[in-house]
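Please look over the sequence and the fold first, and then follow the notes topic by topic.

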Amino acid sequence: MIPIIGGSSQFSRFILMVAPSIVRGMLFLKDPTPISQSTPTCDALVIGGGFYGLYLAEYLSRQLGHVVLCEQGSELMRRASYSNQARVHNGYHYPRSILTALRSRVNFPRFINEFSPAVESGFEKIYAIGRRYSKVSANQFHQCMRRIGASVWPADKQIRSLFDFSYIEDVFHVQECAFNADLIRALMLDRLKQVDVEIRRETKVSRIQQSSHDRLTASLQSASGDQTIEAGQVFCAGYAQLNSTGVASGLPAVPLKHELTEMALVEVPPQLVSLGITVMDGPFFSCMPFPARKLHTLSHVRYTPHTHWYDGPGEYTPAYDRFNSISKVSAFPLMMRDSARYLPSIADCRYRDSLWEVKTVMPRSETDDSRPILFKPHYGLRNYHLVMGGKIDNVYDVIDVIGQTLTLGGAHGEG
Ligand SMILES: Cc1cc2nc3c(=O)[nH]c(=O)nc-3n(C[C@H](O)[C@H](O)[C@H](O)COP(=O)(O)OP(=O)(O)OC[C@H]3O[C@@H](n4cnc5c(N)ncnc54)[C@H](O)[C@@H]3O)c2cc1C
């Protein structure tokens with residue numbers, strides 16, 4: 001049974017929902033794709049084999065029965081669910097967005113319990129506050145973390161000696177972990193074997209249309225040819241590509257901001273190996289363990305995003321098309337040089353590689369740095385739903401809001 005966290009008014013305000021746009025959906029009833037006897041059917045179709053798609057597929061199968069999950073890539077969890085900072089958030093990162101900080105606090109124990117074999121906690125987690133240009137002072141950071149009940153201790157002398165205090169106001173020990181995306185994927189694949197989920201790799205869901213009052217037909221593209229499938233529910237968990245199937249089907253794009261991001265994968269010098277360091281809250285940097293490669297990521301608020309663009313009204317270009325068309329020149333030397341002003345020993349790290357990805361957020365996150373979930377039920381078509389979480393642990397908020405909003409089967413129960 002996946003537990004549901006209550007439906008407080010705070011929680012309700014935290015999620016972003018639009019009212020069902022059934023009327024627009026009805027337009028598609030006029031010219032549905034005819035369903036032949038041989039069209040395969042499923043109770044639910046999930047678009048996207050990232051962490052959200054996998055988690056959702058398991059949940060839906062327990063609720064509804066047969067689920068088909070389509071991933072256009074050759075491997076599952078190889079896009080944003082792999083190429084990220086691997087931080088299991090516990091609130092510290094969001095002193096300017098109390099709701100995101102609080103939700104992180106609530107979801108943290110849930111996530112580390114559920115995925116404990118994939119959680120790396122054997123390192124010390126350090127937050128340092130920049131003396132200049134930080135949007136919060138050390139005192140404000142400390143107060144805010146106390147308010148949300150997150151533990152913060154003054155760092156010891158040895159840790160403090162790593163920093164240049166002409167640039168750093170204060171340094172704290174905190175309680176945060178990292179996750180290993182490869183191990184999460186392995187755990188999820190094991191779990192999916194226990195339920196009725198059919199995974200189709202290298203299969204893109206290109207279009208979707210209403211085939212009857214409450215059923216949908218999806219067009220699938222794969223190396224073995226084009227196909228259709230009929231589903232009772234369709235959930236799109238395409239993250240950066242959240243809009244691509246909808247726009248190709250005549251629906252408007254949901255407003256989203258995308259960034260082309262680079263995180264450098266580095267070997268850190270011995271004194272930094274067992275540390276995860278984050279400098280807050282402005283144009284600073286983080287150096288986090290990346291367990292899937294046994295390296296650290298170095299990311300920098302100024303140099304990690306290389307360029308950005310928006311989905312919204314007007315011409316739409318799928319995010320992965322933009323990603324593929326942009327030439328990628330590493331900003332590692334800039335990241336490293338700036339970070340070394342605060343943490344001199346980082347100058348001794350060795351660059352190994354870069355993780356390039358599209359990071360997608362809701363436009364409002366630009367100002368308050370929040371990471372709400374996006375949930376748009378019945379988006380233009382009855383039973384076509386969009387979901388997106390700004391961070392991994394938000395998956396619980398997505399599942400909770402789906403449970404509270406949609407009436408899903410129940411015949412199969414959760415046992
Ligand atoms: C640089 C960066 C740093 C981050 N740091 C953190 C962090 O430290 N901690 C944290 O919790 N979160 C972090 N995040 C956010 C986190 O990565 C995302 O919230 C999460 O991975 C989203 O998971 P997802 O399954 O929705 O997306 P993805 O993992 O991107 O999965 C979407 C999948 O859908 C597939 N797809 C899309 N369209 C179609 C289609 N039409 N048909 C078939 N398949 C399709 C794609 O191929 C992809 O595999 C970070 C993100 C980035 C980019």
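How many bridges join strand 5 to strand 14, and do the two run parallel or antiparallel? Six bridges join strand 5 (residues 124-130) to strand 14, and the two strands run parallel. The model is a predicted one, in which local features need pLDDT of at least 70 and side-chain atom pairs count only at pLDDT 80 or more, while totals for chains, interfaces and linings use all residues. Residues are numbered from 1 along each chain as its sequence is written, and side-chain values use heavy atoms, with hydrogens and water left out. Helices (H or I, at least four residues) and strands (E, at least two) are DSSP runs numbered from the N terminus, and two strands pair if DSSP finds at least two bridges between them.

- Strand 14 (residues 275-280) is mostly covered, since six of its six residues are buried, where buried means under 20% relative accessible area, exposed means over 50% and partly exposed lies in between (1.4 Å probe, protein chains only).
- In a regular strand the side chains alternate between the two faces of the sheet.
- Leu275, Ile277 and Val279 point one way from strand 14, whereas Gly276, Thr278 and Met280 point the other way, and all of them are buried.

**Strand 1 and its partners**

- Strand 1 (residues 41-47) has five buried residues out of seven, so it is largely enclosed by the rest of the structure.
- Strand 1 runs parallel to strand 12 (residues 225-236), to which six bridges join it, and Val46 has Phe235 of strand 12 as its bridge partner.
- Strand 1 also pairs with strand 2 in the parallel sense, over four bridges, with Val67 of strand 2 as the bridge partner of Ala44.

- Three strands form an open sheet in the order 3-8-4, and their pairing is antiparallel.
- Strand 3 and strand 4 (119-120) stand at the edges with a single partner strand each, so one side of each is left without a neighbour in the sheet.
- Strand 4 pairs with strand 8 (residues 177-179) over two bridges in the antiparallel sense, and Glu120 stands opposite Ala178 of strand 8.

**Helix 4 against helix 12**

- The axes of helix 4 (residues 98-114) and helix 12 (residues 395-405) come within 9 Å and cross at roughly 100°, the axes being lines fitted to C-alpha atoms, for helices over the stretch in contact, with angles from 0 to 180 degrees between N-to-C directions.
- The contact (heavy atoms within 4.5 Å) is made by Arg103, Asn107, Arg110, Phe111 and Glu114 of helix 4 together with Tyr396, Asp397 and Asp400 of helix 12.
- Helix 12 is mostly covered, with eight of its 11 residues buried, among them Tyr396, Asp397 and Asp400.

**Salt bridges**

- The count comes to 23 salt bridges, a salt bridge being a side-chain nitrogen of Lys or Arg within 4 Å of a carboxyl oxygen of Asp or Glu.
- Glu75 and Arg185 meet in a salt bridge (2.8 Å, N to O), and this pair links distant parts of the chain, 110 residues apart, with Glu75 in the loop between strand 2 (67-70) and strand 3 (87-88) and Arg185 in helix 7 (residues 181-193).
- Glu75 counts as partly exposed at 38% relative accessibility, while Arg185 counts as buried at 14%.
- Glu259 forms a salt bridge with Lys257, with the closest N and O atoms 3.5 Å apart; Glu259 is buried, with a relative accessible area of 18%, and Lys257 is buried, at 10%.
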